[in-house]
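These are my notebook entries on a structure that I examined. I record what I looked up and what I found.

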Amino acid sequence: MSEHIVPTRVYYAIFGILMLCTYLTVQIAFFDLGPLNVIAALAIAVFKATLVVLFFMHVKYSTKLTWAVVLGSVFWLGILLALTMSDYLTRAWRTYG
Amino acid sequence: MSDMAHGAHPALAHHFDSLEEQKEAATLGMWVFLVTEVLFFGGLFATYAIYRSWYPDAFAASSHELDVTLGTINTAVLITSSLTMALAVHAAQLGQRTKIMVFLVLTMALGGVFLGIKSVEYYHKFTEHLIPGPGFQFEKEHIRHAQIFFSLYFLMTGLHALHMIIGFGIMLVMLWWVWRGTITAEYSSPIEISGLYWHFVDIVWIFLFPLLYLIGRHAH
């Protein structure tokens, strides 16, 4: 990996966006949006995390192998959450016959 | 020593062809470790998701007991510490010794502020009888399920804080390595790897903050 030195202005810009998103997520939390509250909070969190991974953690400039490992972690986390929740959320559907 | 005779960098381990290859391996290794960390915290987030789906009202009421102002300040503090860490890595890539140390110390200082605020919050929870157990006090309706929320709150924020304390130890070692001249522009990967760890801890908090502090903020 030829060393890619990210210019500091990129770090400051990302920092600004992260702070703005933090402000937004707190403001949104005070409005009653029903189930949208959780969705908005998680969407903003995922967006913030993605920025941190791509820029602060340099994955945007990393090798394909690093990308594979990073995406792999998201994929396995998805399996963990999806299979667990598909069990717990459907338990009430059981019929006793 | 034969490597030295051939003019290889002193930091280059003999089983790597070049510093570049060594750095790639180190970065990959750190990421593989971080995958295990993602799944480690992932299990806790799954636990949270299950209990919240079962007891949404108790979770909203419990979440309301947390101090959203302190939580927001701490989020800002931690994001700022991620910025100073990124700047430390930048300085390391350029071999700017003094700058690396300044930014590492700043990162540790901000981490210290975060843990300080966290201790104040924990102290408040103690005085407000919000520690799960026989002394737990809460509205009757939710008293059992609220204890599940607070168990998860202390477990998740506690493990997060433990990761930060470990991060402190890593930074101290890095400071020592910069001080004694191990870190150079050609060999900056230890600082970069430490940065990956610190940013990961930041990401965990990015999810903990809304899930613990913000849910049910509108409800009461």
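Entry 1. I looked up what the buried residues of helix 3 of chain B pack against, and found helix 2, helix 6 (143–179) and helix 7 (189–214) of chain B. I took contact to mean that the C-beta atoms of two residues, placed from the backbone, lie within 7 Å. Helices are DSSP runs (H or I, at least four residues), numbered from the N terminus. Helix 3 of chain B covers residues 56–63, and its buried residues are A58(B), F59(B), A61(B), S62(B) and S63(B). A residue counts as buried if 20 or more other C-beta atoms lie within 10 Å of its own.

Entry 2. I noted the basis of the model and its confidence. This is a predicted model, in which local features need pLDDT of at least 70 and side-chain atom pairs count only at pLDDT 80 or more, while totals for chains, interfaces and linings use all residues. Residues are numbered from 1 along each chain as its sequence is written, and chains are lettered from A and ligands numbered from 1 in the order in which they are written. Chain B has a mean pLDDT (the predictor's confidence in each residue, from 0 to 100) of 93, and 96% of its residues reach 70 or more. For the complex, the predictor gives an ipTM of 0.92 and a pTM of 0.93.

Entry 3. I turned to L34(B), which lies in helix 2 of chain B. Is L34(B) buried or exposed? L34(B) is buried, because 21 other C-beta atoms lie within 10 Å. Leaving out residues up to four places away in sequence, L34(B) touches S73(A), L196(B) and F200(B).

Entry 4. I looked up the contact between the chains, which takes 41 residues from chain A and 38 residues from chain B. On the side of chain A that touches chain B, helix 3 of chain A gives the most, with 13 residues. The residues of that side divide into 28 nonpolar (Ala, Val, Leu, Ile, Met, Phe, Trp, Tyr, Cys and Pro), 10 polar (the others, Gly among them) and three charged (Asp, Glu, Lys and Arg).

Entry 5. I examined how helix 3 of chain A meets helix 2 (residues 19–54) of chain B. Their axes, lines fitted to C-alpha atoms over the stretch in contact, come within 9 Å and cross at roughly 20°. The two helices are therefore roughly parallel, a term for angles under 35 degrees. By class, their contact has 19 nonpolar, seven polar and no charged residues.

Conventions
Axes fitted to C-alpha atoms, helices over the stretch in contact; angles between N-to-C directions. Parallel < 35°, antiparallel > 145°, perpendicular 65-115°, else oblique. Buried ≥ 20, exposed ≤ 12 C-beta atoms within 10 Å, placed from the backbone.
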